[in-house]
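Here's a quick tour for anyone opening this structure for the first time. Have the sequence and the 3D view side by side, and read on.

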Amino acid sequence: MSATTTEPATAEPPRLDAFLRFVVRARQANMFLVLVLALFVGLVFGGIMIIVTQPTLLTSWSHFFSHPGGTIASSFNTVWFAYEELFQGAVVNFHSLRLLIDDPSKVTLATALIPLSGTLTYATPLIVAGLGLAIGFRSSLFNIGGQGQVILGGVLALLVGFSFHLTPVLQVPLEMIAAIGGGALLAGFAGVLKAYTGAHEVIVTMMSNYTMIAVLGYLLIQPLFARPGVLDGASKAVGVSGQLPYFFSHLNAALLLNVGFIIALVAVFAVQWFFTRSKTGFELLMVGQNPDAARVAGIYSKRSIIICLALAGGLLGLAGMLELTGVDHFVTPNFGGSYGFDAITVALLGRNKPWGVFFAAIFFGAMFTGGEAMQAFTPTNIQFSLADVIQAVVVFCVATPALLVEVFHLRGGSRLMNSTYAGGWV
Amino acid sequence: MSTEAREVVTLETLRVVTRKRSLAYGITLMALGLVEILWYGGADSKLHTTIQFGYNTATIWPVVAELWRVVLLIAGLAIITVALRAKEIASLERLGRFFESVRGARGIAVIIGAYLVIWPVLLWLGINQHGQLRTMTVDVAFTGYVFGIASIVVGAIMAWKRFDRRASGMLYSGLLVFLLGFLIWVARGSLDLQLTGILASAVAVSTFLMLGSLSGTLCERSGVVNIAIEGQFIAGALASIVFASAFHGSGVSLTFALVFAGLFGAFFGWILAIMALRYGANQIIVGVVIVAFCTAMSQFLSTQVLNTHQNLNGSYGLPVWAIPWLSHIPLVGPVLFDQNVLVFIAFAAVIIANFALFRTRWGLRVRSVGEKPIASETVGINVVHVRYGAVILGGFIAGVGGAGFTLGPGSPFTYGMTAGYGYIALAIMIFGRWRPYGALMASLLFGFTIALSANLNLYLSQLVIPQQFITALPYLITIAVVSGLVGRIRPPAADGVPFQRH
């Protein structure tokens with residue numbers, strides 16, 4: 001707000017000492033503060049969940065009034081230990097870090113980086129899938145059909161992967177084209193229905209999820225896809241030439257980081273460029289933020305709906321291909337299981353911005369790998385789904401900042417709350 | 001797009017639309033009949049199918065002598081005729097006025113008459129008179145011809161006469177006949193067609209679909225999109241079984257378990273309401289996040305707590321009520337009147353909700369708030385309060401529906417047992433045109449396809465089309481429905497739009 005010329009400047013703000021000024025500034029709501037607070041709330045909630053579900057801790061709480069210190073200490077210890085394992089499983093193991101300091105060689109470095117590599121490997125398809133969802137969200141389209149598009153992309157990539165045996169330089173792009181085409185086709189179909197019949201994309205894409213699961217189940221028992229002699233429903237594997245090469249597997253076989261991460265990075269840049277520099281991207285943003293203004297400005301909303309959903313679906317198909325050719329190289333009946341829905345939360349956590357999605361996906365990857373480590377190494381056997389709970393709380397706080405703004409009495413929070421308009425079903 | 005200009009709907013354009021629709025439906029019916037003749041009629045003429053009409057030995061279909069059958073038939077036909085035509089017959093004018101004045105009397109009379117007609121007809125058709133399991137054996141190819149020719153005749157009449165009103169009802173009956181023919185064809189040969197079992201499980205499955213779509217209907221009629229039904233299902237399922245197990249599944253504890261499940265659902269409805277109504281957050285995002293939270297919490301609690309404390313996750317089923325007299329009707333009795341309590345609760349909830357939405361002051365307010373909130377506020381309705389009430393009540397209903405996953409079949413909670421039915425309930429709500437009775441019918445249809453795909457394992461060797469296709473059928477139907485292939489849909493005008501006081 002700038003002061004008008006006719007009115008004299010308002011009275012000077014009262015002078016505050018440095019501490020108070022810091023407090024006031026710290027309470028100005030911005031996205032960084034909201035993220036930190038969301039993480040804090042998530043961890044606190046997770047901690048409460050740990051305490052409530054541990055019988056030994058509950059017994060110690062029944063003695064709270066006789067030994068308050070011991071009760072708090074044991075609860076805090078358990079929670080702290082779980083989160084320590086979570087961190088070590090996701091980022092870097094302190095023990096291997098010490099070994100690295102003692103003996104700085106390539107091999108120990110590789111060992112120390114195993115958790116980080118796992119995080120990034122898990123995050124790779126999620127980055128691309130989250131970008132796809134973010135494109136939809138930014139133009140107010142809710143593509144819930146991520147799972148179906150991931151499945152179709154993965155299946156088409158698999159078809160290319162085991163049918164041809166070219167060089168990787170040729171075959172990987174071929175797989176990418178097949179996967180992107182498949183995802184774009186499926187989501188574009190929802191877009192066409194939305195544009196011409198008014199069918200809401202949430203329902204159509206949701207139903208395409210279940211349809212694709214059924215189709216996948218059907219394909220996996222067909223001789224074209226089924227791996228001979230295997231009863232668990234796994235498909236044939238992608239040929240060696242169709243697999244994404246690993247970066248560091250020569251140092252340690254557990255380092256699964258592959259070329260897919262580079263592809264995901266390229267996708268982040270591409271989407272960034274698309275929204276900030278391209279005409280179509282600008283049109284999509286405009287349709288999303290104010291459909292009326294977009295229509296008046298001459299933007300053909302039907303076309304932009306179809307383009308937007310097709311682009312989103314293409315990215316989700318690409319995510320399916322990265323998932324397929326990155327680690328497992330074959331498809332199982334529950335392929336692409338939670339990617340569709342995780343991608344939604346990734347996009348929400350990243351506030352639909354390309355780099356936000358990038359870091360949100362890495363956060364999700366960290367929570368996944370860390371959660372598995374936590375389950376494996378805590379003596380109290382805390383299940384890895386605790387990481388999902390923490391994630392859900394964090395996403396809840398970030399997607400609807402109003403709650404944090406209210407609870408922590410942040411100032412100027414209304415800026416953060418202009419979330420997109422939901423709209424009905426038509 | 002709500003912003004685009006709508007064409008003006010006059011009586012004339014409406015009539016043109018319905019006549020066109022009637023023509024299309026008639027052609028569809030004729031095509032169905034042709035498929036029935038070619039497909040089912042082409043079966044080997046020696047093949048027979050035995051249909052099971054009941055699995056409950058306590059309900060014996062009374063066998064009566066030939067003479068009494070004729071008497072029953074005539075009596076039934078007479079009752080139906082009187083109920084439908086009493087006004088036109090001069091000597092029965094008082095009876096006609098009675099049927100006009102008392103709501104529902106005519107329907108009951110027709111049902112009683114139909115019962116009296118079907119009873120002897122089924123006996124003549126050869127229901128097994130001596131066995132405890134009542135069965136009927138039909139010729140597959142002959143059934144195909146009968147169904148097909150009937151379907152073609154009805155379709156031709158419909159395309160020729162262009163009925164306005166009855167078109168969709170006839171199309172749905174034609175589809176049901178087609179499905180029945182398909183079942184008879186699939187079960188040809190040695191295996192019995194367990195028709196009662198399939199239909200009963202269809203009704204059981206449609207219980208939580210009914211409650212879920214009812215919840216969605218209530219919320220959206222008030223203008224709030226409740227996509228969190230899946231989360232409320234999960235919460236209700238988990239809460240109800242833990243509560244029932246903790247109190248060892250006595251009758252009282254089961255009742256309270258249902259209430260407890262409802263309260264958990266209502267809690268998440270309340271959160272949705274706060275975020276949507278107080279802060280004006282995007283309702284779809286809030287709903288998706290609530291589902292994510294409930295999914296994660298249920299996985300955590302079931303792996304962390306319930307796996308080690310099995311006594312908190314027992315198998316306690318709701319009691320099964322067999323309604324006297326009604327449960328003895330073959331096919332209909334075991335399917336509709338011999339079910340667990342939740343099925344009756346669901347049916348009652350649909351009827352009550354329909355009455356409340358369309359016949360009470362509260363319902364009028366809910367609907368007006370969902371259509372034009374500014375106008376409602378102008379006449380003194382507190383928009384936010386009405387929406388709070390509707391969303392929390394909707395959450396309660398969805399939570400009770402969630403109890404149907406665990407307490408209904410009496411199975412313990414497992415992670416992922418809701419299997420996306422909350423989202424299907426949303427589609428059913430749209431299919432049912434945001435009306436409780438529509439939701440009821442659509443739920444039964446979806447429940448039937450779900451039960452069908454689950455039961456087709458029995459006949460897998462005789463199935464030509466892949467089973468996965470049947471599994472995908474409800475979803476494909478949904479896509480067809482929301483894209484307007486089965487008529488135009490019109491949601492509440494203010495659905496999903498945050499309300500700001502002016």
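**Domains of chain B**

Chain B is split by the domain assignment into domain 1 (24-55 + 133-193), domain 2 (62-126) and domain 3 (198-482). Keep in mind that what you're looking at is a predicted model. The rest of the briefing goes topic by topic.

**Domains of chain A**

- In chain A, the domain assignment gives domain 1 (31-54 + 383-418) and domain 2 (106-379).
- The C-alpha centres of domain 1 of chain A and domain 2 of chain A are 26 Å apart.
- Where these two meet, 11 residues of domain 1 of chain A are in contact with 12 residues of domain 2 of chain A.
- On the domain 1 side of that contact, H17(A) gives the most, with eight residues.
- Sorted by class, that side of domain 1 of chain A has nine nonpolar and two polar residues, and no charged ones.

**Where the chains touch**

- Chain A puts 48 residues into the contact between the chains, and chain B puts in 42.
- On the chain A side, the elements giving two or more residues are helix H2 (31-53), helix H9 (168-197), helix H10 (201-219), helix H13 (291-296), helix H15 (339-349) and helix H17 (385-399) of chain A.
- H10(A) gives the most to this side, with 11 residues.
- By class, the side of chain A that touches chain B holds 29 nonpolar, 16 polar and three charged residues.

**A helix pair in chain A**

- Helix H4 (residues 68-90) of chain A and helix H16 (residues 354-377) of chain A have axes that come within 7 Å and cross at roughly 125 degrees.
- H4(A) and H16(A) are therefore oblique to each other, and their crossing is right-handed.
- From H4(A), the residues that meet H16(A) include A:Ala82, A:Glu85, A:Leu86 and A:Phe87. Among the partners in H16(A) are A:Ala366, A:Met367, A:Met374 and A:Phe377.
- The contact of H4(A) with H16(A) has nine nonpolar, five polar and two charged residues.

**A helix pair in chain B**

- Over in chain B, the axes of helix H8 (residues 229-246) of chain B and helix H16 (residues 421-431) of chain B come within 7 Å, crossing at roughly 130 degrees.
- H8(B) and H16(B) are therefore oblique to each other, and H8(B) passes H16(B) in a right-handed crossing.
- H8(B) brings B:Ile229, B:Glu230 and B:Phe233 to the contact, while H16(B) brings B:Tyr421, B:Gly422, B:Tyr423, B:Ala425 and B:Leu426.
- Those residues divide into six nonpolar, one polar and one charged.

**How confident is the prediction for chain A?**

- Chain A has a mean pLDDT of 83, with 92% of its residues reaching 70 or more.

Note on methods: Residues numbered from 1 in each chain as written. Chains lettered and ligands numbered in written order. Predicted model: local features only at pLDDT ≥ 70, side-chain atom pairs only at ≥ 80, totals over all residues. Axes fitted to C-alpha atoms, helices over the stretch in contact; angles between N-to-C directions. Helix = DSSP H or I, 4+ residues; strand = E, 2+ residues; numbered from the N terminus. Parallel < 35°, antiparallel > 145°, perpendicular 65-115°, else oblique. Left-handed = near helix turned anticlockwise from the far one by under 90°. Contact = placed C-beta atoms within 7 Å. Nonpolar A, V, L, I, M, F, W, Y, C, P; charged D, E, K, R; others polar. Domains from an automatic or database assignment. pLDDT = per-residue confidence, 0-100.
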